[in-house]
Amino acid sequence: MAQIPHFIGKSALTYLICRDYVAYCVRRPQVFKAIPAPLIAIVILTAAAMIGKLDLGTVGDLGSITRALPAFLIPDVPFRLETLGIIFPYSLALVIVGLLESLLTSSIVDDMTDTSSDKHREARGQGIANVINGFCGGMAGCAMIGQSVINVKSGGRGRLSTLVAGVFLMFLINVLGDVVVQIPMPVLAGIMIMVSIGTFDWSSFTYMRKAPKTDAKVMLTTVIIVAATHDLSKGVIAGVLLSAIFFAAKI
């Protein structure tokens, strides 16, 4: 749903590139499996758009990229209860969404790699990193489902792959920033559409037919609220409350 605005209502060329990328991922030749399909598509289509001066929306159209390394600083805010009252609701929402997405990402990666991860270690690492990140002018973050799925499907299995991703991202922004802003958005939209298709648990439909009706109602309610509000925390809170009501009624 988040990718739809990047190609709906745009030019015919935008439709074609997004469609061709999805078709390429579905039917790409076996010989290219050593190189991730998203990387091939980004390099080739960005070069084609720059050389041919194609009329496509680019990353630069969404905003400017600040080409600078982070610097340590103390937030310039008054340390009073009023400030805490302003910050706390947003912090609580970030904690709920961040932890849930990180744990969900861990579960998805565990299923894909047939391994078991330490969820407590993941949560502690995320908390420590976000505290340090705040003193460097960054926003709070969490494990990312899309990036993690792309990483695993591209062959990344160890912690080194995460480090390389972060270092290379800094290299792209600070050294190749002028090139990054010219990456066509239809390509990135196509990549995320394929990630969504690959991440979706298609067995959910089978489970819903076999699961207790209360479980199915909780699942559907959570998904509908998240899709309608674009807010994961609201969907999760509604799902938890509904689960509690069904549990209370059962006992």
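Modeller: Happy to! Searching the whole structure turns up two aromatic pairs. For this count, rings of Phe, Tyr and Trp (its six-membered ring) pair if their centres lie within 6.5 Å; planes under 30 degrees apart are called stacked, over 60 edge-to-face, and the rest tilted. Phe-72 and Phe-135 make a stacked pair, with 5.8 Å from centre to centre and 20° between the planes. Phe-72 sits in the loop between H2 and H3, and Phe-135 in the loop between helix H4 (119–134) and helix H5 (145–153), so this pair ties together parts that are 63 residues apart in sequence.

Before going on, a word about the source. This is a predicted model, where local features need pLDDT of at least 70 and side-chain atom pairs count only at pLDDT 80 or more, while totals for chains, interfaces and linings use all residues. Residues are numbered from 1 along each chain as its sequence is written, and side-chain values use heavy atoms, with hydrogens and water left out.

How open to the outside are these rings? A residue is buried under 20% relative accessible area, exposed over 50%, and partly exposed in between (1.4 Å probe, protein chains only). Phe-72 is exposed at 62% relative accessibility, and Phe-135 is partly exposed at 30%.

The other pair is Phe-168 with Phe-171, which is also stacked: 6.0 Å centre to centre, with 25° between the planes. Both of these residues lie in helix H6 (residues 159–174), three residues apart, which is about one turn of the helix. Phe-168 is partly exposed, with a relative accessible area of 44%, and Phe-171 is partly exposed at 38%.

Now let's step back to see where these helices belong. The protein has 11 helices and zero strands; here helices (H or I, at least four residues) and strands (E, at least two) are DSSP runs, numbered from the N terminus. Along the sequence, the pattern reads α-α-α-α-α-α-α-α-α-α-α. The C-alpha trace spans about 65 × 55 × 40 Å along its principal axes. Of the 251 residues, 22% are buried. Among contacts with a separation of 6 or more, 70% are between residues 24 or more positions apart, where contact means heavy atoms within 4.5 Å.

Charged side chains make links too. There are three salt bridges, each defined as a side-chain nitrogen of Lys or Arg within 4 Å of a carboxyl oxygen of Asp or Glu. Arg-67 bridges to Asp-178, with their closest N and O atoms 2.9 Å apart. Like Phe-72, Arg-67 is in the loop between H2 and helix H3 (81–113); its partner Asp-178 is in helix H7 (residues 177–180), so to speak a distant part of the chain, 111 residues apart. Arg-67 is partly exposed at 38%, while Asp-178 is exposed at 51%.

Another salt bridge joins Glu-82 and Arg-80, whose closest N and O atoms are 3.7 Å apart. Glu-82 is exposed at 54%, and Arg-80 is exposed at 52%. Then there is Asp-110 with Lys-119, at 2.9 Å from N to O. Asp-110 counts as buried, at 11% relative accessibility, and Lys-119 as partly exposed, at 27%.

Finally, have a look at H2 itself. The axes of helix H2 (residues 37–52) and helix H8 (residues 185–199) come within 10 Å and cross at roughly 170°. Axes here are lines fitted to C-alpha atoms, for helices over the stretch in contact, and angles run from 0 to 180 degrees between N-to-C directions. The two helices are therefore roughly antiparallel (under 35 degrees is roughly parallel, over 145 roughly antiparallel, 65 to 115 roughly perpendicular, and the rest oblique). On the H2 side, Pro-38, Ala-41, Ile-42 and Leu-45 meet Val-187, Leu-188 and Ile-191 of H8. These contact residues divide into seven nonpolar, no polar and no charged. In this scheme Ala, Val, Leu, Ile, Met, Phe, Trp, Tyr, Cys and Pro are nonpolar, Asp, Glu, Lys and Arg are charged, and the others, Gly among them, are polar.

Thr-46 also lies in helix H2, and it is buried, with a relative accessible area of 5%. Leaving aside neighbours within four places in sequence, Thr-46 is in contact with Ala-41, Gln-182, Ile-183 and Pro-184.
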